[in-house]
Amino acid sequence: VQLVESGGGLVQPGASLRLSCAVSGRFATIYDMGWYRQTPGNERELVASNDGGGGTYYVNSVVGRFTISRDDAHVTVDLQMNSLKPEDTAIYYCYMKIKINSDTIPVDYWGQGTQVTVSS
């Protein structure tokens, strides 16, 4: 199983970006999907998640600006980021908690990371 991200880049403050994450490979079930971000010298921070049952989480700093959406049919998770601020600058990682088959327990899989830079 592999997760592939796209959509990062360099934008000015106030702009928008949409990150996308798709999974390839065979699996049985996907539970949580979400996005973390990390800046140099800091731990990864959970930005947003969706548990597939209607439950979503957003870190306080992005509430009202970011929206997470998942598509279970196409097995993707997107992060729409609006009104971007310089403090949103980070490497963004998607993750999915995946159960490969009936004999395994769910495990977190990660994308390779995509750089988001917000600067004037």
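Trainee: How many positive and negative side chains does the chain have?
Mentor: In this predicted model, the chain has 9 positive and 12 negative side chains, counting Lys and Arg as positive and Asp and Glu as negative, with His and the chain ends left out. The centres of the two sets lie 1 Å apart, each charge being placed at NZ of Lys, CZ of Arg, CG of Asp or CD of Glu.

Trainee: Which caveats apply?
Mentor: Local features need pLDDT of at least 70 and side-chain atom pairs 80 or more, while totals for chains, interfaces and linings use all residues. Residues are numbered from 1 along each chain, and side-chain values use heavy atoms, without hydrogens or water.

Trainee: New topic: how many helices and strands?
Mentor: Zero helices and 11 strands, where DSSP runs count as helices (H or I, at least four residues) or strands (E, at least two), numbered from the N terminus.

Trainee: What does β4 pair with?
Mentor: β4 (residues 29-38) runs antiparallel to β9 (residues 90-99) over eight bridges, and W35 has C94 as its bridge partner there. β4 also pairs antiparallel with β5 (residues 45-50), over five bridges; pairing takes at least two DSSP bridges.

Trainee: And which residue stands opposite Y36 in β5?
Mentor: L46. In the β4 and β5 hairpin, six residues sit between the strands, and G41 among the hairpin's residues has a positive phi near 80 degrees.

Trainee: How much of the chain is buried?
Mentor: 37% of its 120 residues, with buried meaning under 20% relative accessible area (1.4 Å probe, protein chains only).

Methods:
Buried < 20%, exposed > 50% of the residue type's maximum accessible area, 1.4 Å probe, protein only.
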